[in-house]
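Hi there,

Here is the structure I promised to pass on to you. Have a look first, and then read on for my notes.

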Amino acid sequence: MVSSMRRDGEVGRLLLSFLFLVAWEAGRGQVHYSVPEEAKHGTFVGRIAQDLGLELAELVPRLFRVASKGRRDLLEVNLQNGILFVNSRIDREELCGRSLECSIHLEVIVERPLQVFHVDVEVKDINDNPPLFPMAVKTIRFHESRLLDSRFPLEGASDADVGVNALLSYKLSSSEFFFLDVQTSDELSQSLSLVLRKSLDREETAEVNLLLVATDGGKPELTGTVQLLIKVLDVNDNEPTFDQAVYKVRLLENTANGTLVVKLNSSDADEGSNSEIVYSFSSGVPSTIKTKFKINSSTGEIRTNGQLDYEETKSYEIQVTAYDNGSPSMSGHCKISVKLVDVNDNIPEVSITSLSLPIREDAPLGTVLALIMVSDRDSGANGRVTCSLTPHVPFKLVSTFKNYYSLVLDSALDRESVSDYAVVVTARDGGSPSLSAAASVSVEVADVNDNAPAFAQPEYTVFVKENNAPGCHIFTVSARDADAQENALVSYSLVERRVGERALSSYVSVHAESGRVYALQPLDHEELELLQFQVSARDAGVPPLGSNVTLQVFVLDENDHAPALLPPGAGGVGGAMSQLVSRSVGAGHVVAKVRAVDADSGYNAWLSYELQPAAGGARSPFRVGLYTGEISTTRALDEADAPRQRLLVLVKDHGEPALVSTATVLLSLVDSGQAPKTPSRVSVGAASVDTALVDVNVYLIIAICAVSSLLVLTLLLYTALRCSAPPTQGVCGPGKPTLVCSSAVGSWSSSQQRRQRVCSGEGPPKADLMAFSPSLPQGPGLSEERQPSESEHLGKPHDVAVYYEVTSSCYPNTFLPLLHPSTSAE
């Protein structure tokens, strides 16, 4: 009855401890499940996806997977329904041995973004192992002289299960001589003793057969039996006895081989050979104990026989038997409980898994780069590991579970500043002295397209002479992108727009890779003086980034138009000018005027007039004004002069080379009294022509002044804006002041004190600004009253002209005017 109550109390304490361990274990993981051992394949464990807050539809896209230490095929997840099920046989005894706490730790990993969940699956013990005795038949020798209540210790059965399933109760078959005494020690181990209830008489009973039944506490109960064969002996009736039934010893795990563990002390009340004691390990001692310890059969000293390892086995229980030399021999028994003390002899282990590298430079803070697991086989403070990182890196360690860390991004990355990091993870235990281990991770920063291509300056000015060859290279734009690989691969294109009635792409094109700008067709200064457009530089990133640069292409005039003669007035025959001249006119009288215009500008439109010498070298009584085109007499006419005078007037511009047009003037010399009506008609016609010319001159002067003022203002404004910006090498720098001079044809002045670099080719660029100060033409009346001198007509100004010396692939070493003067000279 007392044994039953004691056993019930021990059962209660075991159940309370088991429930406490289960509750503590459930709080460690994020999700906790339990499954009985030996469960069939496909047994439901839990709805892991639902419990982790994951949608079923995202399991496959996010690469849902389960990892576990050791065997990986015990549990599996159905990705279709998110159920965790048993995949193969789970044997708790094989998995955890005799440990009260047995669980399978799973790491559930999903990506996009990377997340890690920890799941503990407790393996519950079932009563699948019956109690086992060390042997099926045990022979016990009892001397007939043994006193009542003499005890013979029995080796109890062992049960591979744990908890209640391993809680054993014993029952001995009925006997008039013996009964079973079960005692529970403070360490929850039971000591069995066979107690003599009635004195033995070998002559009456030489042998007693008993059956010892061990029953575990499982449901259903399992049993194990051992047959006890008790032989009754005579004579030697005193057995060796130990001074302690249980010896307790504590050893450091690094104890040297051969160290004394304990010296046993036993005695025998007999005399002679019956009191000589021999020590040995009991027959049921496992072989592992015999390899770690040895016993001296004479002295009873137990010493270490090999290297002890706390991480392998934490304690040993050694059963020792002491035999005397009596005949028959008698024996005594004791137990040595050896507990090992841990020392810090294991270096921490660092394992880095699930690397998510390289990391994008625009990754948000908190992004997980890697999972780090640390472990130390030692226990207590020796097995308590702390982790640290290399200082001054934009990462940190975040503890996610016991001995589990995540390497996460702690500050913003910039690949253009630092492209990779060498991160060292150091694990250090709490032993004394402490041991440490390190693992390195090379974190590469992946480029993202966060830098747009940049030009050296926001706009460029290019000067191109008209009539260029189709496909001529006029400029090269270049942009730099600070990114890498395809994000830095720059392509160029035109920003399309309309230029008048035509598309910009019909005038120019840009090479997508080199940025070379080509003129697709000959440009005409008279049609287009300034072509302004934008070139876009775009990288190959996703999404692409780009920037624009403005190109101002000034089309410079070339002498490609010959002077065009204005239609003759009344009296013209066949395109020639016909005029009646009275013989009575004096020297210097203007008899006719040749008018011409030139579509070019600047010097190319500055016209001069001269008479073609007559055949045979005859001297003509007429001359033509060099810049006015007015035909006047050089002397008084007389009867010797031919009545019909044919004059060829050459009209030349100042281009290089000069272009010439020829005007034919037919003069008829008449006496003052012969054709009285003709002069009036002629004078009327001349007056109307002069009036028309005055109107044309007024319009020309207004147009010239307006265009000149606009272009000069534009140039000055452009120069001021460029030079007010921060100076850039090659864009705007100090230059020598240009020459200022004056002459009879007008004043030349410089309005720039800086040079403007034109990046249109190779060679040192120059810039000089030359301006003509315009003077108003004389009216018709004044022109008839006095004959202007050659020096007065040398340089009648037309407009302001700006000249740039430009070196390009189209026009090497040419001196080009920027602004054109008027189309004709009065």
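A term to begin with: a residue is called buried when its relative accessible area is under 20%. Please also keep in mind that this is a predicted model.

Let me start with strand E7, which covers residues 115-124. E7 is mostly covered, as eight of its 10 residues are buried. Two strands that pair with E7 are worth a look. Strand E1 (residues 31-36) pairs with E7 in the parallel sense, over six bridges; there, Tyr33 has Val121 of E7 as its bridge partner. Strand E6 (residues 103-110) runs antiparallel to E7, and eight bridges join the two. In that pairing, Ile109 stands opposite Val116 of E7. E6 and E7 also form a hairpin, with four residues between them.

Next, the cysteines. Searching the whole structure gives one disulfide, and it joins Cys96 to Cys102 with an S to S distance of 2.0 Å. The link between Cys96 and Cys102 is right-handed, with 70 degrees about the S-S bond. Cys102 has a relative accessible area of 4%, so this residue counts as buried. Elsewhere, Cys387 is buried too, at 19%, under the 20% cut-off. Cys705, in contrast, is partly exposed because its relative accessibility is 37%.

On to the rings: the whole structure holds nine aromatic pairs. One of them is Phe401 with Tyr404, a tilted pair with 6.1 Å centre to centre and 50 degrees between the planes. Phe401 is buried, with a relative accessible area of 11%, and Tyr404 is buried with a value of 11%. Phe463 and Phe554 form a stacked pair, 5.3 Å centre to centre with 15 degrees between the planes. That pair links distant parts of the chain: Phe463 belongs to strand E33 (residues 459-465) and Phe554 to strand E42 (residues 546-556), 91 residues apart. Phe463 and Phe554 are both buried. There is also a cluster in which ring pairs link Tyr603, Trp606 and Tyr627.

Finally, which charged residues lie over the face of a tyrosine? Arg502 lies over the face of Tyr507, at 4.7 Å from the ring centre.

Happy to talk any of this through once you have had a look.

Best wishes

Terms used
Residues numbered from 1 in each chain as written. Predicted model: local features only at pLDDT ≥ 70, side-chain atom pairs only at ≥ 80, totals over all residues. Heavy atoms only, no water. Buried < 20%, exposed > 50% of the residue type's maximum accessible area, 1.4 Å probe, protein only. Pairing = 2+ DSSP bridges. Disulfide = S-S within 2.5 Å. Phe/Tyr/Trp six-rings, centres within 6.5 Å; stacked < 30°, edge-to-face > 60°. Lys NZ or Arg CZ within 6 Å of the ring centre and 35° of its normal.
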